[in-house]
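Some notes on the model follow, taken point by point.

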Amino acid sequence: MDGVRFTLNGAAVTVTDATPQTTLLDWLRQSAHLTGTKEGCAEGDCGACTVALLDTEAPGGPTWRAINSCLVLLPQLHGQSIVTVEGLSGRREPLHPAQQIMVDKLGSQCGYCTPGVVMSLFEATYRKDLGRPWQLDDQLSGNLCRCTGYRPIREAAEAVAGTAPADGFARALQADASALPALRWVHDGAEAHVPTDFDHLFEVLAKHPDARLVAGATDVGLDVTKKGARFACMVSLHALPLRGIVRTAEGGWRIGATTRLSDLELAVQDDLPALARMLRFFGSRQIKNRGTVGGNLCNASPIGDLAPVLLALDATLVLRSAAGERRVGIDDFFLAYRKTALGVGEILAAVEIPPVPADARLSAYKVSKRREMDISAVACGLLVRVGADGLITHARFGFGGMAATPARAAAAEAAVIGQPFSAGTFAAAADASRQDFNPLSDHRGSAWYRATVASNLLKGFFHEVHSEAAPALADRPSGTLLTPSPATPHAEAAR
Amino acid sequence: MSGAPKPSPLHRSTEHESAVQHVTGRAMYTDDLAGPTGTLHAVPVVSPHAHARIVGRHKAKALALPGVVAVLFADSIPGHGDIGPIVQDEPLLARDEVFCVGHPVAVVLGETLEAARTGAAAVQVDYEPLPARLTIDAAIEAGTFHGKPHVIQRGDRDAAWARAAHTVEGEVRSPAQDHFYLETHASLVVPEDGGTWKVTCSTQHPSEVQREVASVLGVGAHRVVCEVPRMGGGFGGKESQSTPWACLAALGAWHTGRAVKIRLDRAQDMGWTGKRHPFLGRYKAGFDAQGVLLVFEAELFSNGGWSHDLSLPVLDRALFHLDNACYVPALRFEGRACNTHLPSNTAFRGFGGPQGILVIEDALNRLAERLGWDPAELRARNFYGDAPRDRTPYGQAVPAPRLLRTWDLLRASSEYAARRAAIEAFNASSPFVKRGIGVQFVKFGISFTKAVLNQAGALVLVYSDGTVQLNHGGTEMGQGLHTKMLTVCAHELGVPKDRVRVMTTATDKVPNTSATAASSGSDLNGAAVRDACVAVRERMKLVAAELLGAPGPDSVRFQDGRVFVEGAQEHCVDFAQVALECWLRQISLSATGFYRTPGIAYDEAKGQGTPFYYFAYGASVLEVELNGLTGEHRLLRADILHDVGDSLIPSIDRGQVEGAFLQGYGWLTCEECLWDADGRATTVGPSTYKVPAVGEAPLDFRVELLPEAAQEGVIHGSKAVGEPPFIHGIAAITALRHAIQGFGEGEVTLELPASPEHLLRAIEAQRGD
């Protein structure tokens, strides 16, 4: 059978002699002998392995995306184009601006995180949407550096962001994407498929009901690198027409299941800031560039950060199988720990978010040990509607991290319905929320901490939204704190 | 050659000497080396128990797997089976008993990494679990310690207590910290001709790796060469703890005759190797009515883990830093290192110093909180001063004016007083969010406290084309040592930096080196490099004087690749021409250099002496904002003024200060090492162990180096920089405690690290909830 075909640093590559769950990182270092890309953790949490992917389907047009190569499985590369740090400049060429600025700013000390930092800066160099001050932190949040204290790296990012030199990498963004045929690859008894149409997908699913569906692999990749998972059959969904965001006529959204989280973050920035804020703190740039809306939901993790907000927004999930489509409300989607309403042979095709009513007060919060690139201790999406009489008519409080599934806080909701929109009402809701959940203690937080924070966030919600309806991201925001940074000469000069 | 020669590169900012390799991915680290054809991969089999008796070990199943070449147990060691940096008390492979989770029991060699991993999983070891001590408290109760108590005392404490107007008594528990160098432990051992071994290792201490590999293989050190290309971070974690993994690879190479590579993955590295020692400090402090310290009594207990490793010198340094910047007239400090069943805790930037300092800072913070005083003012009242207030607890003199000058400058530039007042006003009007400001002073002793280690060597080779190879005993882990050494060499030989190549650190170039540790790298090696360069230069001067027709060698100058008579720069010859002429005249163009630090001596039995060559100073002011609903916080602004003497390279030193500060901040806030009840680390990757990310760095980050600060007797007036600025991170605790006081007055109780959860508990306690 044929193998995985992709472009690496401008040259065509076909891989036939590797197991399908081989990660791009391992393949680069061991088979391609490109050791510039480093392994710091093999769990997508340090960024030393960052490479760039030419994303031809990004909503704003083709763009370079920084991704974690430790969480890319070879079949996901089929038809894609990758650039590694070695591809940025030849030995006789000047350094790429993303490299030169790191030299000039003394952005490297031990140098081990540096190739990954350079690739994040490489993405920033060609990004057109880096206009907001906090976005530089977001761009760099997936690259841990243990040496520098980040100041020079942040200065490097400020210097190159959006400069988009008219070079070969910019020209590559203009080139027509040539679609590859679907992949059916068998190696050593393991199958890997990259279907380009649903017939192929459902045919595979009929034959292999336990096939592992892979969208962004930001979670599946961990099964491979940390638990040694081996899949008899893997299906990468990246070539199916499942990606994209459409505004509905009513003012809602329909979001394709393989829409990248970074796509969604950009799309809802102005019109759905609560969701945008959750996405800001969702994960690193690299993770958001690969992780998908569908993956985050189908994973059914109790600490997936989209579900609490989508619970608050009363989203509907569109499920698709060979038999056609059906719709399931998000309240009915999560059945148990990591178990969803998806049937055998069925996939999540899209998420529909209804328009946010004009009388809604909405916010979302994420609390974790570290502000960026961390998993929630508690996350929530909170929505109430307030009638003309000042009484609350509807409430949807979605929480993550509090139970075996993402879940609504029924008692807290009941405590506010029919009550005035007031601090007292939310104090009562905060008390009531303690009946809603019996959270776990783990390394992210004790049961006491989770219950207390969940309760406090209900109080903070009122405090935040009673004066202004839509929270916006401040200069240096946290997931919950919205006091603006004090203006300082340094910070102003830096902008 | 026209125009004036360029000035010396000393004391000028420059890029890291490997910066271009770093940004292109061409910088080679140990695991990037391919190894010769047939290189095997080694994977250790380790104990899953904190303490157990081994009752059986079985390798047949593993050996039957494809690609598994060998399975080696303790009885396979040809030489000495125990290793250790000071006390050889660590069985490289456990014999009858395992003493911590991660204790190696076997090593499996495979044709591929996958085969070795599969093989390691198939090795069966039968254990009979034994009771395990995991905590300091358990060790105190059981009375199990490493070494003897170390006591430092002076003065009439009873009289001091009788005079004390205020007393503070308490307990500080400082947290562990994982090094989280981005490059995990890695080694490659290649068997070479005639029973010799080349070890490439990511280590701060190649001489120790050489010594221990030789010992394990039962050969002389001359048969082993250890090389260090560069490290992807060390921070102390590769001072002693690279050695066992290098030894396991060497054992594999000895048995198979093939090259062997070993690399711990992140979970192995974090789960099996030691961390910063957690400390328990119990203290009682007595102050006069003005808050001037009269007496301080403290007992320190560190969690040393299962072997000595470096726990005793770490404890010493903690005791030496209990005073921090404060003069204490009467005192008794006692320290003990607890013997527990954890991976042996080890060196980590600061080497116990930060843990000792935390204790006195806690006493000062609590007194200030109790009385409503400014904690900065309270500290300044206790600074070292004129005699007799100039003696450390161990009797060394402290030249006080430099810290005073540092604080005077920073107090003004940070607008400390005005900002503290503004914060009080902000807090009065903000119900959920409070701000706080904290100050931290640094007085950090520089030198290995074991005096013999304060020595270094160098080897300089000048080629007849005028280019230079520089070898020195230090290792490069990102701290910029090679950049500094290259600059010292270029300065002394008067050549442009691009004519000098810093060689891979290797034990066959410079023997018997000390670890690159204790912030001493550039002090010690810099002096040795200068010594070697001067030796070659003086020989070259004689030849140059003749070439130039100079009145004598003393008037010859070397600068920017030119050699000329002082005052006659236009009449010069190229450095290369002088080098070639030396060769033609059969004059040696290479030299070794050597340095030992003078005047260091400490009598541990008496607790008195001069363990340090000098002190490094600094001051910092940090402002934080704390969310009372969740316990989250962020840094708003940091102002740091730090003393690095006359910086050899200001850009490098600034980077060290910034990075050390954030690492110190991480230790006390977001970084939290956790273990389960059976002694298994549960935070073994960045998904669960959170080192500071970009968002933790203060957006307003003002770091300055103390001006006009030449340090006498140190290479070109510079000062050590690696560890001291780590102390600035402690300012976060003082600042957070100030913010917590915004929720209620009085003494704060804050458990460390100050995670959101611990902060929320402190806030709720402060509110009186």
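1. The lining of the largest cavity is made up of eleven nonpolar, nine polar and four charged residues. This is a predicted model, and totals for linings use all residues, so side chains here are to be read with that in mind.

2. The volume of that cavity is about 260 Å³. Across the model, the count of cavities of 30 Å³ or more comes to 13.

3. The most comes from α7(B), which supplies three residues.

4. In chain A, helix α2 (residues 97–104) packs against helix α3 (residues 114–126) at an angle of about 125°, and their axes are 8 Å apart. The pair is therefore oblique, since an angle counts as roughly perpendicular from 65 to 115 degrees and as roughly antiparallel over 145. The crossing of α2(A) and α3(A) is right-handed.

5. On the α2(A) side, the contact is formed by A98(A), Q99(A), I101(A) and M102(A). Their partners in α3(A) are T114(A), V117(A), V118(A), L121(A), F122(A) and T125(A). By class, the contact between α2(A) and α3(A) holds seven nonpolar and three polar residues, with no charged ones.

Key: Residues are numbered from 1 along each chain as its sequence is written. Chains are lettered from A and ligands numbered from 1 in the order in which they are written. This is a predicted model: local features need pLDDT of at least 70, side-chain atom pairs count only at pLDDT 80 or more; totals for chains, interfaces and linings use all residues. Side-chain values use heavy atoms; hydrogens and water are left out. Axes are lines fitted to C-alpha atoms, for helices over the stretch in contact, and angles run from 0 to 180 degrees between N-to-C directions. Helices (H or I, at least four residues) and strands (E, at least two) are DSSP runs, numbered from the N terminus. Angles under 35 degrees count as roughly parallel, over 145 as roughly antiparallel, 65 to 115 as roughly perpendicular and the rest as oblique. A crossing is left-handed if the near helix is turned anticlockwise from the far one by less than a right angle, and right-handed if clockwise. Contact means heavy atoms within 4.5 Å. Ala, Val, Leu, Ile, Met, Phe, Trp, Tyr, Cys and Pro count as nonpolar, Asp, Glu, Lys and Arg as charged, and the others, Gly among them, as polar. On a 1 Å grid over the protein atoms alone, a cavity is a set of points where a 1.4 Å probe fits but cannot get out, and a pocket is an open set with protein on both sides within 12 Å along at least five of seven lines; lining residues have an atom within 4 Å of a point. Grid points are joined across faces, edges and corners, and a volume is the space filled by probe spheres set on the points.
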